[in-house]
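Here are a few exercises to work through with the model open in your viewer. Try each task before you read its solution.

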Amino acid sequence: MAAVVFCVTGLAHAQAAGGSIYTCIDRNGRKLTADRPIPECLDREQRELGPTGMVRRQIGPSLTEQERAAAEVQRRKEAEERSRQVEERRRERVLTARYPDKATHDVERATAIAMVDDVTATAEKRIVELREQRKAFDSEMEFYKKDPNKAPMSLRRRIAENEDSIAEQQKFLAGQDQEKRRVHQRFDAELAQLRRLWDAQRAPVTGTDAVPAAAGTR
C-alpha cells in the first residue's frame with residue numbers, strides 16, 4: 001500500500017510542478033505511474049505524459065548491451081541499404097540521361113566495338129609485317145639448309161625474336177576477341193536495364209507516385 005501511495009504522491013508532485021508523468025503496464029499486468037522512468041518497465045514500452053495527460057513520447061524498452069549491439073548492426077545494415085538504393089537511383093538517372101533511347105545506346109556500342117576493331121587491325125598488320133620479315137630470314141637460312149647449326153648466331157637470334165613477336169601478337173589478338181565479347185555483354189546488360197527504366201518513364205504517373213516525385217524536386 002505504501003508503494004502505491006508513493007506513486008500517487010509522486011504523480012501529484014509531477015502534475016503540480018508541470019513535469020512529466022510516466023506510465024506503463026508491468027510484466028504482471030499492473031498499471032504503474034510515476035514521475036520518472038519506471039524501473040519495473042525497463043524491459044517494455046513506457047509512455048511519457050504531460051501534466052494534462054497528453055502523450056509526449058513513447059519510450060522503448062531498455063536494451064541489454066548485446067541487444068544494443070545487435071540493434072546497432074541492424075541500424076547500420078538498414079542505413080547501408082538506404083544508401084545503396086539512393087546510389088542506385090542516382091546511377092539510373094545518369095544512365096537514362098546518357099541514353100535517352102536505344103538509338104543513342106546503339107551508337108555508343110558501335111563506337112566501343114570500333115575501338116576494339118582498330119586495335120585488332122593494328123595487331124593483324126603487325127603480324128603480316130613479322131611474317132614478311134620471317135620470309136627474309138628463311139631465305140638467308142637457305143644457305144645453311146644442310147647444316148642449320150652453321151647459321152650465324154645473330155640470324156638465329158632474329159628468327160627466335162620474330163617467332164616470339166608473332167606469338168605475342170597472336171595472344172594479343174585472342175585477348176581482343178575476348179574484349180569484344182565483354183563489350184557486347186556489357187552493352188547487352190545495360191540495354192536490358194535501360195529498357196526497364198524507359199518503360200518506367202513511359203508509365204503513367206499515379207497520384208501516389210506524384211507526391212514523392214514532387215517532394216524530391218524541392
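Before starting, one cut-off: a residue counts as buried when its relative accessible area is under 20%, and as exposed when that value is over 50%. Also keep in mind that this is a predicted model.

**Exercise 1. The overall layout**

Work out how many helices and strands the protein chain has, and in what order they run.

*Solution.* Step two, walk along from the N terminus, and the order reads α-β-β-β-β-α-α-α-α. Step three, look at burial: 22% of the 218 residues are buried. Last, take the contacts between residues at least 6 apart in sequence; 49% of these join residues at least 24 apart.

**Exercise 2. Thr23**

Find the strand that holds Thr23, then decide why Thr23 is classed as buried rather than exposed.

*Solution.* Start with the location: Thr23 belongs to strand S1, residues 21–25. Now the burial: Thr23 has a relative accessible area of 5%, so it falls under the 20% cut-off and counts as buried. Next, check the side chain of Thr23, which comes to 3.2 Å from the backbone oxygen of Leu32. Finally, list its neighbours, leaving out residues up to four places away in sequence: Thr23 touches Lys31, Leu32, Thr33, Ile38, Gln46, Arg47 and Leu49.

**Exercise 3. Helix H3**

Compare the span of H3 with its expected value, and find which helix its buried residues pack against.

*Solution.* H3 covers residues 102–141, 40 residues in total, and runs 58 Å from first C-alpha to last, close to the 58 Å expected. Its buried residues include His105, Arg109, Ala112, Ile113 and Val116. Remember that an α-helix has 3.6 residues a turn, so residues three or four places apart point the same way. The buried residues of H3 pack against helix H4, residues 153–202.

**Exercise 4. A pocket**

Identify which element gives the largest share of the lining of the second largest pocket.

*Solution.* The second largest pocket has a volume of about 150 Å³. Its lining consists of Arg89, Glu92, Arg93, Thr96, Leu197, Ala200 and Gln201. Helix H2 (65–98) and H4 each give two or more of these residues. The largest share, four residues, comes from H2.

Technical notes:
Residues are numbered from 1 along each chain as its sequence is written. This is a predicted model: local features need pLDDT of at least 70, side-chain atom pairs count only at pLDDT 80 or more; totals for chains, interfaces and linings use all residues. Side-chain values use heavy atoms; hydrogens and water are left out. Buried means under 20% relative accessible area, exposed over 50%, partly exposed in between (1.4 Å probe, protein chains only). A polar contact is a pair of N or O atoms within 3.5 Å; within protein, one must be able to donate a hydrogen and the other to accept it, and residues adjacent in sequence count only if both atoms are side-chain atoms. Contact means heavy atoms within 4.5 Å. The expected span of a helix is 1.5 Å times one less than its number of residues. On a 1 Å grid over the protein atoms alone, a cavity is a set of points where a 1.4 Å probe fits but cannot get out, and a pocket is an open set with protein on both sides within 12 Å along at least five of seven lines; lining residues have an atom within 4 Å of a point. Grid points are joined across faces, edges and corners, and a volume is the space filled by probe spheres set on the points.
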